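Please look over the model shown here. The report below covers strand pairing, packing, backbone angles and charged pairs.

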Amino acid sequence: MERLKSYYADVCFIDGLETFIISPSKFDDILKDNVLLKYLKKSNKDIVPFINISREVGTNKIYLAFVNLPAKVERFQWLPVHCYKNGNQFYHVYYRNTWMCRECKHIMNKPIVMPMVEVDSTIYNQCERKYPDIPLIFQKEKCPKCGMVLQNHLIIIE
């Protein structure tokens, strides 16, 4: 865990989970640190997709992070996730570059983030609150084609 300190920009508790936000300037370095990757039980192929999305979207919006899960199986103790930064606050998110309206099947080709609790709440199973509230910064948007409200809370990244 000490080794991870040289890579993170911030450590915070998000919905009860200790989350290590990785500094974008350290992305390449973390991929070369085989000792750390072995400790995290991760390989480059586990982390590179998260880094690529963070770089594509912009380093001031989406960050690679590692969540320290209270898992009993060692290889599941460290989970790579994305975090969205709004002001000084970070949120666990799921990233998509498209979204489809269930009603009219219109596809929005825009980068979006959804709250992790709405996409995969299993990471919170060992927390005190297994189903955290959806942060208020995430809203239900209307489909630009039919005007119906989309099924998930999200933020469209412009």
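Arginine 96 has isoleucine 112 of strand 8 as its bridge partner. This is a predicted model, in which local features need pLDDT of at least 70, side-chain atom pairs count only at pLDDT 80 or more, and totals for chains, interfaces and linings use all residues. Residues are numbered from 1 along each chain as its sequence is written, and side-chain values use heavy atoms, with hydrogens and water left out.

**The sheet**

Strand 5 and strand 8 (residues 112-115) are antiparallel and share 4 bridges. Strands here are DSSP runs of E with at least two residues, helices are runs of H or I with at least four, and both are numbered from the N terminus. Two strands pair if DSSP finds at least two bridges between them. Strands of a sheet pair through backbone hydrogen bonds, either parallel or antiparallel.

The open sheet has 8 strands in the order 1-2-3-4-5-8-10-9, with antiparallel pairing. Its edges are strand 1 and strand 9 (139-142), each pairing on one side only. On average, neighbouring strands of this sheet are turned by 55 degrees against each other, direction ignored.

Tyrosine 8 has isoleucine 22 in strand 2 as its bridge partner. Strand 4 and strand 5 also run antiparallel, joined by 5 bridges. Cysteine 83 stands opposite histidine 92 in strand 5. The hairpin of strand 4 and strand 5 has 2 residues between the strands, and glycine 87 takes a positive phi near 70 degrees there.

Helix 3 (residues 44-57) lies across strand 3, strand 4 and strand 5 (89-96). The helix runs at about 145 degrees to strand 3. Axes are lines fitted to C-alpha atoms, for helices over the stretch in contact, and angles run from 0 to 180 degrees between N-to-C directions.

**Nonpolar cores**

A nonpolar core is a set of buried Ala, Val, Leu, Ile, Met, Phe, Trp, Tyr and Cys residues joined through side-chain atoms within 4.5 Å. Buried means under 20% relative accessible area, exposed over 50%, and partly exposed in between (1.4 Å probe, protein chains only). In soluble globular proteins, nonpolar side chains tend to be buried together.

The largest core has 16 residues; Leu17, Ile21, Val81, Cys83, Phe90, Ile123 and Tyr124 touch the most other members. Strand 1 (8-14), strand 2 (17-22), strand 3 (62-68), strand 4 (78-86) and helix 4 (116-119) each give two or more residues to this core. Strand 3 provides the largest share, 3 residues. Another core lies apart from it, with 15 residues, among them Leu4, Tyr7, Ile22 and Leu37.

Leucine 17 lies in strand 2. It is buried, at 2% relative accessibility. Beyond four places in sequence, leucine 17 touches residues including Cys12, Val67, Ile123 and Tyr124 (contact: heavy atoms within 4.5 Å). Leaving aside neighbours within four places in sequence, isoleucine 21 is in contact with residues including Tyr8, Cys12, Cys83 and Phe90.

Most residues other than glycine have a negative phi. Lysine 41 has a positive phi near 60 degrees. This lysine 41 lies in the loop between helix 2 and helix 3 and is partly exposed at 37% relative accessibility. Lysine 105 has a positive phi near 70 degrees. Lysine 105 lies in the loop between strand 6 (99-100) and strand 7 (107-108) and is exposed at 51% relative accessibility.

**Salt bridges**

A salt bridge is a side-chain nitrogen of Lys or Arg within 4 Å of a carboxyl oxygen of Asp or Glu. The count is 3 salt bridges.

| Glutamate 2 | Lysine 5 | 3.1 Å |

Is aspartate 33 buried or exposed? Aspartate 33 is buried, with a relative accessible area of 7%. Its place is the loop between helix 1 (27-32) and helix 2 (34-40). A polar atom of its side chain lies 3.0 Å from the backbone nitrogen of leucine 36.

Definitions and conventions. Polar contact = N/O pair within 3.5 Å; in protein donor to acceptor, adjacent residues only side chain to side chain.
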